[in-house]
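Reader: I have a model open and want to learn how to read it. Can you take me through its features one by one?

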Amino acid sequence: MNSVLIGASTTMASMPTSAEHLALAHSAQLRGVNLSYGEKPVLRQLDWQLLPGQVIGLLGRNGAGKTTLLETLLGLREPSSGEVQLFGQPAQRLDDAVRARIGYVPQQSTLFEAFTARQLLAYFKSFYPRWNEAKVEGLLSRWELPLDQQIGRLSGGQQQRLSIVRALAHDPDLLVLDEPVASLDPVGRRDFLRELVEQVLERGTTVVFSTHILSDLERVAFNVAFLREGRIALQAPLDELQEQLRVGTGTPAELAALQQRLQAELLRRTPLDAGRERWLLRLPQAPLAGEAARELPAMNLEDLFMELS
Ligand SMILES: Nc1ncnc2c1ncn2[C@@H]1O[C@H](COP(=O)(O)OP(=O)(O)OP(=O)(O)O)[C@@H](O)[C@H]1O
């Protein structure tokens with residue numbers, strides 16, 4: 001696990017308070033974050049915590065604000081109000097040591113087009129005290145990236161792979177990836193996800209990545225967070241959500257009976273015709289058996305996405 005350790009040289013006078021201690025235990029923490037573009041609110045009183053070693057897939061419809069959220073988390077955008085901390089430091093005022101612990105793959109990177117991949121990696125290497133040459137060389141050769149071609153002339157998928165190599169090279173403790181696999185072919189996606197899993201298992205890296213490719217989420221057993229109406233509407237382990245979230249229909253009386261019988265939490269109800277309703281329910285325990293299993297069948301990932309985002 002990679003929570004910040006309080007150094008052995010810490011004196012009593014500089015010991016963190018309990019509130020500071022709590023902040024240090026998070027890789028990232030956002031509290032009451034609001035951000036608008038002009039009149040258009042995108043993040044609304046958003047709270048979110050990333051704990052060390054968590055791997056979180058960030059889901060949300062087009063325009064929900066995923067890129068905005070990830071940029072805000074990294075301190076690249078300033079919220080109009082609220083607080084964003086990375087490893088216990090304000091995201092907008094990180095020191096070099098914390099900066100070096102973060103890896104970021106933006107959705108689109110148009111910088112350094114005139115560089116070759118070799119030049120780009122040499123340039124970044126000079127900034128980082130920690131640089132895993134063996135990992136870089138392994139990835140470059142497995143992904144067959146042309147090292148001496150100008151980046152502007154690489155394909156979209158090759159540029160994305162290079163961006164991923166760059167972000168993994170310094171063994172970050174927090175890895176933020178904005179649709180990192182969008183331009184990758186299925187082989188590239190599988191390789192990348194394998195690399196991601198290895199990172200996490202070996203180093204306990206905290207990883208957050210946005211994606212629209214739901215099948216990719218299933219390859220790595222991790223948490224999913226749904227961004228909806230400017231907030232993290234729900235975050236939970238994917239397998240738990242698939243077991244616990246169910247949709248049902250019936251009358252309000254039937255709902256009351258069902259809730260009592262199954263101790264289910266009602267997440268949303270939508271009126272239908274003829275006094276009937278549609279419910280989104282969260283069950284406290286799984287698996288369901290018998291009649292209840294037929295009444296409330298499990299949802300696949302796409303249905304979950306439709307319900308929650
Ligand atoms: N620089 C900007 N100026 C004004 N509006 C913006 C800006 N960037 C994003 N927006 C708007 O903010 C909203 C959220 O955009 P954002 O790119 O964060 O969403 P997203 O969830 O990442 O979308 P997608 O899934 O399509 O990549 C959108 O309505 C978008 O049009």
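Author: Start with pairing. Two strands pair if DSSP finds at least two bridges between them. This model is predicted. In it, strand 4 and strand 5 (residues 89-90) are joined by two bridges and run antiparallel.

Reader: Which residue is the bridge partner of Leu86 in strand 5?

Author: Gln89 is the partner of Leu86. The hairpin of strand 4 and strand 5 has two residues between the strands. Phe87 of that hairpin takes a positive phi near 45 degrees.

Reader: With which sense does strand 1 pair with strand 4, parallel or antiparallel?

Author: First the general idea. Strands of a sheet pair through backbone hydrogen bonds, in either a parallel or an antiparallel way. Here, strand 1 (residues 28-37) and strand 4 (residues 81-86) pair in the antiparallel sense. Five bridges hold the count for that pair. Arg31 stands opposite Glu83 in strand 4.

Reader: How many bridges join strand 12 to strand 13?

Author: Six bridges join strand 12 to strand 13 (residues 277-282), and the two run antiparallel. Pro271 stands opposite Glu277 of strand 13.

Reader: What should I look for in phi?

Author: Most residues other than glycine have a negative phi. Ala274 is not a glycine, yet its phi is positive, at about 55 degrees. Ala274 is found in the loop between strand 12 and strand 13. Glu144 also deserves a look: its phi is positive, near 45 degrees. Glu144 sits in the loop between helix 5 (133-142) and helix 6.

Reader: Next, helix packing. At what angle do the axes of helix 6 and helix 7 cross?

Author: The axes of helix 6 (residues 156-169) and helix 7 (residues 186-203) cross at roughly 5 degrees and come within 12 Å. Angles under 35 degrees count as roughly parallel. Helix 6 is therefore roughly parallel to helix 7. On helix 6, the contact is made by Gly157, Arg161, Ile164 and Leu168. On helix 7, Gly188, Phe192, Glu195 and Gln199 make it. The contact residues divide into three nonpolar, three polar and two charged.

Reader: Last, the ligand. Which residues are around the ligand?

Author: They are Tyr37, Val42, Gly60, Asn62, Gly63, Ala64, Gly65, Lys66, Thr67 and Thr68. Helix 2 (residues 66-73) gives the most to this shell, with three residues. The shell divides into three nonpolar, six polar and one charged.

Reader: And the overall picture?

Author: The protein has 12 helices and 13 strands. Take its contacts with a separation of 6 or more: residues 24 or more positions apart account for 69% of them.

Notes: Residues numbered from 1 in each chain as written. Predicted model: local features only at pLDDT ≥ 70, side-chain atom pairs only at ≥ 80, totals over all residues. Axes fitted to C-alpha atoms, helices over the stretch in contact; angles between N-to-C directions. Helix = DSSP H or I, 4+ residues; strand = E, 2+ residues; numbered from the N terminus. Parallel < 35°, antiparallel > 145°, perpendicular 65-115°, else oblique. Contact = placed C-beta atoms within 7 Å. Nonpolar A, V, L, I, M, F, W, Y, C, P; charged D, E, K, R; others polar. Near = placed C-beta within 6 Å.
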